[in-house]
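Q: Please take a close look at the aromatic ring pairs here, and go through them with the criteria spelled out.

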Amino acid sequence: QIAYTWKSHRWVMPASYYMHTVEFPDAGFSMDIFVLDSNKEDAKAPGEDPEHNICSAKYNPPGASCAAAGGPPSLGACVSWFHGRWSKQQAWLEARL
């Protein structure tokens, strides 16, 4: 989705996780919306659940890398990369709540 944002004006996702403040001036309040990347839930070991696994060996060829787009550098690093991103998001969220 982030990469599509770079290519098209039809879709705008400012980051993989972010906060957006919505103002309601007539009602006298604002609301912070926190958007998180939940891909961690679909990042499993390469041989596990190939139809619901973004780190699946079935759909990622040997030597696959998402590093050019800022993602995991290899299939072997895929699960830990997504879990590491989730940990960073949790710290970011805690600091803003």
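Is F24 buried, exposed or partly exposed, and what is its relative accessibility?

A: F24 counts as partly exposed, at 30% relative accessibility, where buried means under 20% relative accessible area, exposed over 50%, and partly exposed in between (1.4 Å probe, protein chains only). This is a predicted model, in which local features need pLDDT of at least 70 and side-chain atom pairs count only at pLDDT 80 or more, while totals for chains, interfaces and linings use all residues. Residues are numbered from 1 along each chain as its sequence is written, and side-chain values use heavy atoms, with hydrogens and water left out.

Searching the whole structure gives four aromatic pairs, a pair being rings of Phe, Tyr and Trp (its six-membered ring) whose centres lie within 6.5 Å, with planes under 30 degrees apart counted as stacked, over 60 as edge-to-face and the rest as tilted. One of them joins Y17 and W92, whose ring centres are 5.2 Å apart and whose planes stand at 65°, so this pair is edge-to-face. Because Y17 lies in the loop between helix 1 (2–7) and strand 1 (18–24) while W92 belongs to helix 2, the pair ties together parts that are 75 residues apart in sequence; helices (H or I, at least four residues) and strands (E, at least two) are DSSP runs, numbered from the N terminus. W92 is buried, with a relative accessible area of 15%.

F24 itself pairs with F29 in a stacked arrangement, 4.8 Å centre to centre with 25° between the planes, and F29 is partly exposed at a relative accessible area of 44%. Ring pairs also link Y17, F34 and W92 into a cluster.
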